[in-house]
Amino acid sequence: SAMVPILSRRLPARRELLYNGAKLPRHPVASLRLRNETGLTLERGPVTVLDGGDYAGEAVLPFTRAGAELIVPFAVELGITVSEERQSRRQLVGLSFQDDYAVFEEHDLLTTTYQISSGLDRPAEVTIEHRRLAGYDVAEPRDPDEEGDGHARWRVPCPPHARVSFAVTERRLVTRDERVSSLSGSLLQELLHERLLDQATVKALAAILDLYRQIDEAQEQIHKLAAEREAIYKQQRQIQGSLQPLGREGDEGALRQRYVATLGQLEDRLAAIAAEEERLRQTIAGLEEQIARRLKRLRKS
């Protein structure tokens, strides 16, 4: 129990070991938890804590309104050491499709692991006071024993001369978009393995990815044809420059005819390039229409 001498009232109190690394790293603090049932407001001021009549420590009583709970820390428990380790990771939990984008739903997971080492000869219970992250829910290990003031608390039993690990995982749902064309076969198999996609959807997506691959191949051919056209233009300019000083008779005339014939062949090739480019563009347009239809069916499934 705790005594409030100025009022000569005894108030029921509970002794606990409270760990909050932001307030005091490495060790829990022995604290008294009680409720102000005096009917009066308690002003801030120093108090002496007695445990079984023996001196246990000094504390500062916080300003506390009537009926409110107060926690009075009075001594550091050096027999128990606490360390913290934090890790973050992403976990894919859902996948949907919007136009030509895949929408990934992921849990952003943040885990704080508390390692509690006891050198005490008696069993103890450490109350972990964990600061909650705004926008995150507690995913593991269980709902807090208490929650309030931006903190969650768990009571963790700690046997004598033992080490106990207690991990708190918080999560929030986030989404990200990725073009369907950038998906890979290995990712599809992973999604199938994680049961986020069924076999039919994986097969449909694989077919769509093959259509994207065909578009890439057609665009690469168009790029090569454009490079060939530029080379032909350069060759034509060189031939036309060589034609100007040539006469029309004798050896110069024969050479002129050869140049003219070559220019004709080059023009024919330019016409063929233009026709091939048009065919490739029509092929791409057809492939894009197929992709759009397949994606539409995919969104409805």
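Student: Which residue stands opposite Thr-111 in strand 14?
Tutor: Thr-111 stands opposite Thr-169 there. This is a predicted model, in which local features need pLDDT of at least 70 and side-chain atom pairs count only at pLDDT 80 or more, while totals for chains, interfaces and linings use all residues. Residues are numbered from 1 along each chain as its sequence is written, and side-chain values use heavy atoms, with hydrogens and water left out.

Student: What makes a stretch of chain a strand or a helix?
Tutor: Both are DSSP runs, numbered from the N terminus: a helix is H or I with at least four residues, a strand is E with at least two. By that rule the protein has 3 helices and 14 strands.

Student: Why are strand 9 and strand 14 called paired?
Tutor: Two strands pair if DSSP finds at least two bridges between them. Strand 9 (residues 101-118) and strand 14 are joined by 17 bridges, so they qualify, and they run antiparallel. Thr-113 in turn has Ala-167 of strand 14 opposite.

Student: How many bridges join strand 11 to strand 14?
Tutor: There are 3, and these two strands also run antiparallel. With at least two required, the pair therefore counts. Here Glu-140 stands opposite Thr-169.

Student: What is the order of the strands in the open sheet?
Tutor: The order is 8-9-14-11, with antiparallel pairing of its 4 strands. Strand 8 (80-98) and strand 11 are the edges: each has a single partner strand, so one side of each lacks a neighbour in the sheet. From one strand to the next the twist averages 30°.

Student: Why is the link between Arg-132 and Glu-170 called a salt bridge?
Tutor: The term asks for a side-chain nitrogen of Lys or Arg within 4 Å of a carboxyl oxygen of Asp or Glu. The closest N and O atoms of Arg-132 and Glu-170 are 3.0 Å apart, so the pair meets the definition. Arg-132 lies in the loop between strand 10 (124-131) and strand 11 (137-140), and Glu-170 in strand 14 (residues 163-179), so the bridge ties together parts 38 residues apart in sequence.

Student: How do you know whether Glu-170 is buried or exposed?
Tutor: Buried means under 20% relative accessible area, exposed over 50%, and partly exposed in between, with a 1.4 Å probe and protein chains only. Glu-170 has 1%, so it is buried.

Student: What are the accessibility values of Arg-176 and Glu-178?
Tutor: Arg-176 has 34% and Glu-178 has 22%. Both fall between the two limits, so both are partly exposed. Their side chains meet in a salt bridge at 2.9 Å, N to O.

Student: Which residues are linked with Arg-176 and Glu-178 in a network of salt bridges?
Tutor: The network also holds Arg-90, Glu-106, Asp-108 and Arg-172. In total the structure holds 20 salt bridges.

Student: What makes a group of residues a nonpolar core?
Tutor: The members must be buried Ala, Val, Leu, Ile, Met, Phe, Trp, Tyr or Cys residues, joined through side-chain atoms within 4.5 Å. The largest such core has 33 residues, and Val-180 and Leu-183 have the most contacts inside it. Strand 8, strand 9, helix 1 (185-193), helix 2 (199-243) and helix 3 (250-300) each give two or more residues to this core. Helix 2 gives the most, with 13 residues. Apart from this core lies another, of 21 residues, among them Tyr-19 and Trp-154.

Student: Which residues does Leu-183 touch?
Tutor: Contact means heavy atoms within 4.5 Å. Not counting residues up to four places away in sequence, Leu-183 touches Ala-102, Phe-104, Glu-178, Leu-188 and Leu-209.

Student: How many of the residues in the whole protein count as buried?
Tutor: Of its 301 residues, 35% do. Among contacts with a separation of 6 or more, 65% are between residues 24 or more positions apart.

Conventions: Axes are lines fitted to C-alpha atoms, for helices over the stretch in contact, and angles run from 0 to 180 degrees between N-to-C directions.
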